[in-house]
Structures are given as structure tokens and as C-alpha cells.
Amino acid sequence: MTIRGPMTLASIEAEAGLGTAIEAGPARVIEVIRESGMKGRGGAGFPTGLKWELAAAAPGERRYVVCNADEGEPGTFKDRVILSEWPDLVFEGMTIAGYAIGAEEGVVYLRAEYTYLRDRLEECLGRRRNANLLGAGVMGNEGFDFDIHIHMGSGAYVCGEETALLESLEGKRGEPRNRPPFPVSTGLHGLPTTVNNVETFAWAAAILANGVEWFKGIGTDGSTGPKLLSISGDVERPGVYEFPMGVTIRDLLAAAGGEEAKAVVVGGASGRCVPAAEFSRGICYEDVATGGAVIVIGPDRDLLDVAENFMEFFVDESCGQCTPCRVGNVKILNGIRMLKRGECSTGYLQELCDLGSTMQVASKCGLGQSSPNVFLSIVEHHRSEILDRAAAAV
Ligand SMILES: Cc1cc2nc3c(=O)[nH]c(=O)nc-3n(C[C@H](O)[C@H](O)[C@H](O)COP(=O)(O)O)c2cc1C
Ligand code: SF4
């Protein structure tokens with residue numbers, strides 16, 4: 001997949017972050033990540049420093065660092081690029097996390113479709129062990145033992161949800177757990193665990209290497225640092241881009257050649273559909289958040305086709321544990337098909353929207369809580385287009 005433009009991750013000095021971390025000590029590493037203001041790059045935007053602090057403080061005889069490399073969100077492919085281009089930086093970030101929280105074991109949960117990356121990643125891990133960057137006494141520091149292994153994912157979107165991922169890692173069916181308790185206290189094998197996105201680990205290493213002020217100088221007050229975005233859909237130049245957090249949708253469309261777009265789905269299938277009238281909005285946690293997916297919808301696209309496509313995905317990927325998600329996704333999908341055939345009254349459309357809102361609050365995990373988002377935002381911003389389309393189908 002094409003990398004578009006210069007990438008900061010390519011310029012980070014190897015092992016500078018790990019060296020600084022070991023000099024500073026675990027408590028200071030957590031403070032640095034807190035001070036950087038970094039929020040996790042997996043989508044939910046939880047502050048990384050706080051997550052590490054909670055995992056370090058939770059009682060447990062062992063701790064774990066887990067790298068979420070499941071990257072199942074439709075429209076997201078930036079972690080694949082990071083793992084292909086800068087695997088050392090990801091492993092360095094995981095080692096720093098291990099040092100900070102007092103873990104001896106790290107696991108990369110690698111998306112099943114990324115099996116082709118495994119040999120290169122194993123080779124990189126082997127090189128790091130030979131260079132004493134992993135294993136007993138990392139970088140000659142007695143008492144700091146840390147190693148990483150790779151676990152292949154199970155091919156299910158829901159296994160990217162951190163608690164389903166942990167179940168899958170334990171050899172069980174990949175179904176989300178009730179939260180609380182959260183993985184920071186009750187994670188892998190019931191022990192304190194930090195689960196972070198691939199990109200989060202890479203930026204953690206970069207922060208330790210380049211300093212807090214450098215990171216805070218990029219982005220917005222509430223969303224610091226740079227962000228990698230996977231831009232796809234109706235654009236001239238799809239690919240992986242780096243922007244400062246807060247970049248407007250208009251600016252990223254200009255970079256990718258998608259100025260004619262009528263809408264942009266930010267956050268993938270579980271994100272939301274932003275209409276052209278709102279392209280001055282920013283990509284950041286205080287405005288329109290995304291783990292990395294930006295799907296551009298060209299002027300000739302039928303938005304009901306877009307919504308139908310995403311809902312088919314969720315009907316397939318729902319784990320079926322809870323009723324709002326298991327049944328709700330099917331109902332919304334059928335409703336979209338009725339709309340396309342001109343068989344859905346405005347009253348029933350409202351019932352579907354109410355159902356979507358119920359799913360957002362009543363589903364057990366983020367999958368069902370977010371699966372109606374794109375449909376709801378399309379109805380909110382393009383109601384007349386949808387109803388005209390429905391009327392024309394009769
Ligand atoms: C259905 C679903 C799928 C998810 N898939 C991923 C994924 O592929 N990669 C990822 O990093 N986070 C994914 N997440 C978010 C994780 O649960 C978790 O918030 C994230 O790994 C935390 O990392 P961060 O704090 O570094 O962002 C998913 C969440 C849900 C609800
Ligand atoms: S919301 Fe969906 S994916 Fe999540 S637990 Fe319920 S049925 Fe499973």
C-alpha cells in the first residue's frame with residue numbers, strides 16, 4: 001500500500017527511546033507518556049500514560065504487554081504499513097511499555113490476513129534478541145527481562161476488541177468480556193495487561209526519543225501528536241498519510257485528490273458519515289475521531305449502498321452474544337433494503353433510527369455500540385436524498 005509523503009516514524013533514531021527510558025526509570029517513563037498527552041491510536045482514544053500507570057499499579061504476580069495488530073476495521077491499513085516498514089519501532093515501544101509497567105512478556109496479536117508479515121517480524125525479533133534488545137537483562141540491565149512473541153489472530157473482526165482479543169489469546173472463543181473489570185487490572189490470564197494499538201507503541205518510542213515538547217507541539221491541545229490515516233475510496237491518491245491531529249477533512253481530501261466528495265466516512269464501518277457541509281471539521285478526539293480509516297464517498301455513490309455494505313459486514317461479524325447487536329444489525333440491514341425497494345415508510349425509518357440509538361447504549365461491546373453509527377449519520381445528514389431514492393423506487 002502506498003505511503004504518501006514523508007513519515008516521521010522513518011526519522012526516529014533506533015533505540016534512542018529505549019535508552020532514554022532505561023536511564024529515566026519506569027515511573028518517569030509513565031510520567032513522560034502522560035505529559036505527552038498521547039491518546040491511544042486504536043480508535044477509543046484512551047490516554048496511554050494513564051493506561052500504563054493503572055497496569056503498573058494493579059496487583060498481580062505477572063504483567064503483560066499486548067500489541068493489538070488485528071486491524072480489522074474496514075478502510076484501515078496503516079498498522080500494516082507500520083509493521084512492514086518500522087517493526088523495530090513497534091517492538092521498541094512494547095519493550096518500553098514492559099519496562100514501565102513491570103512486564104516480562106509481550107504478545108503481538110497479528111491479524112490472520114497478515115500472516116505474510118510473520119516471517120519478517122520473527123526475523124526482526126531474532127535480531128533484537130541477538131542485540132540484547134530483548135531477552136534477559138535488556139541492554140545489559142540486570143533485572144529487566146522482556147521478550148515478545150507473535151500470536152496469529154483468528155480472522156474475526158470482534159477479536160480486535162481488547163477483551164475478545166484476550167479471550168482469543170487464551171485459546172478461547174473470541175467473545176468480548178464484561179467491562180469492568182478492565183484489562184489493566186484483569187487482562188491476559190486475569191493479570192494486569194496493557195493492550196495498545198501498533199501505532200501507539202511506535203509513537204511511544206518516538207516520544208521517548210524526541211521528547212514531550214516535540215510531541216505536544218504537533219496536533220491540538222486535546223489530541224497531541226501526529227496521526228497516520230489510511231485514505232481510500234473515491235480519491236485519486238489512496239494510501240497512508242501522516243497529518244497532525246486536528247487536520248481538517250477538507251485538507252486531507254485536497255492531499256488525496258478527493259475534493260469532489262459528497263461525504264467522508266471517518267472511522268471505518270463503525271465510524272460516522274460526515275457530509276460535505278462539515279468538511280471544515282477536524283480529525284481529532286474532540287471532534288471527529290478515528291483509529292485511522294477515512295473512506296471517501298464520491299458524488300455519484302448511493303449512500304444506501306454504502307450503508308447496506310457496512311451493515312452486511314456487521315451482520316457477519318457480530319459475535320451473537322447480546323440481543324441488541326445480534327438482532328439489531330439484521331433489522332437495520334433489512335430496513336435499508338426496504339428503503340432501496342421503496343417499501344419503508346417514514347414512520348418505520350424513525351423506528352430504525354430509534355433501534356440504532358438503543359443499540360448504541362444497550363450493546364455489550366463497541367461493535368454493537370457503533371455498528372449503527374454510519375446508518376444513523378447518513379439518515380441525519382442525507383434524509384431527503386434517501387427518501388427521494390425510496391420514492392423513486394416505488
Ligand atoms: C469491534 C472492535 C474492533 C476493534 N479492533 C481494533 C483493532 O483492530 N486494532 C486496535 O488497535 N484496536 C481495535 N479496537 C479497540 C480496542 O478495543 C482497544 O481500544 C485498543 O486496542 C486500545 O489501544 P490504544 O489505547 O492504543 O488505542 C477495536 C474495538 C472494537 C469494539
Ligand atoms: S455487541 Fe455484538 S459483538 Fe459485542 S458482545 Fe454483543 S453481540 Fe457480540
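## His151 and its strand

His151 belongs to strand β4 (residues 147-152). Strands (E, at least two residues) and helices (H or I, at least four) are DSSP runs, numbered from the N terminus. This is a predicted model: local features need pLDDT of at least 70, side-chain atom pairs count only at pLDDT 80 or more, and totals for chains, interfaces and linings use all residues. Residues are numbered from 1 along each chain as its sequence is written, chains are lettered from A and ligands numbered from 1 in the order in which they are written, and side-chain values use heavy atoms, with hydrogens and water left out.

His151 has a relative accessibility of 24%, so it counts as partly exposed. Buried means under 20% relative accessible area, exposed over 50%, and partly exposed in between (1.4 Å probe, protein chains only). Beyond its neighbours within four places in sequence, His151 is in contact with Val107, Val108, Tyr109, Leu110, Ser168 and Leu169. Contact means heavy atoms within 4.5 Å. Gly135 is 16 residues from His151 in sequence and 18 Å away, C-alpha to C-alpha.

## Helix α10

Helix α10 spans residues 249-256, and Ile249, Leu252, Leu253 and Ala256 in it are buried. Seen down the axis of α10, its buried residues fall within an arc of 105°, so they line one face of the helix. The arc is that of the directions from the helix axis to the C-beta atoms. An α-helix has 3.6 residues a turn, so residues three or four places apart point the same way.

The cover over the buried residues of α10 includes β6 (226-233), β7 (239-244), β8 (263-266), β9 (272-275) and β10 (293-297). Just after α10, Gly257 takes a positive phi of about 75°.

## Backbone exceptions

Most residues other than glycine have a negative phi, and most peptide bonds are trans. Glu15 is not a glycine, yet has a positive phi of about 65°. Glu15 lies in the loop between β1 (3-4) and α1 (16-24). Its relative accessibility is 14%, so Glu15 counts as buried. Met139, also not a glycine, has a positive phi of about 55°. Met139 is partly exposed, with a relative accessible area of 35%.

The peptide bond from Arg179 to Pro180 is cis, with omega near -5°. Another cis bond joins Pro180 and Pro181, with omega about 0°. Pro180 lies in the loop between α7 (162-169) and β5 (193-197).
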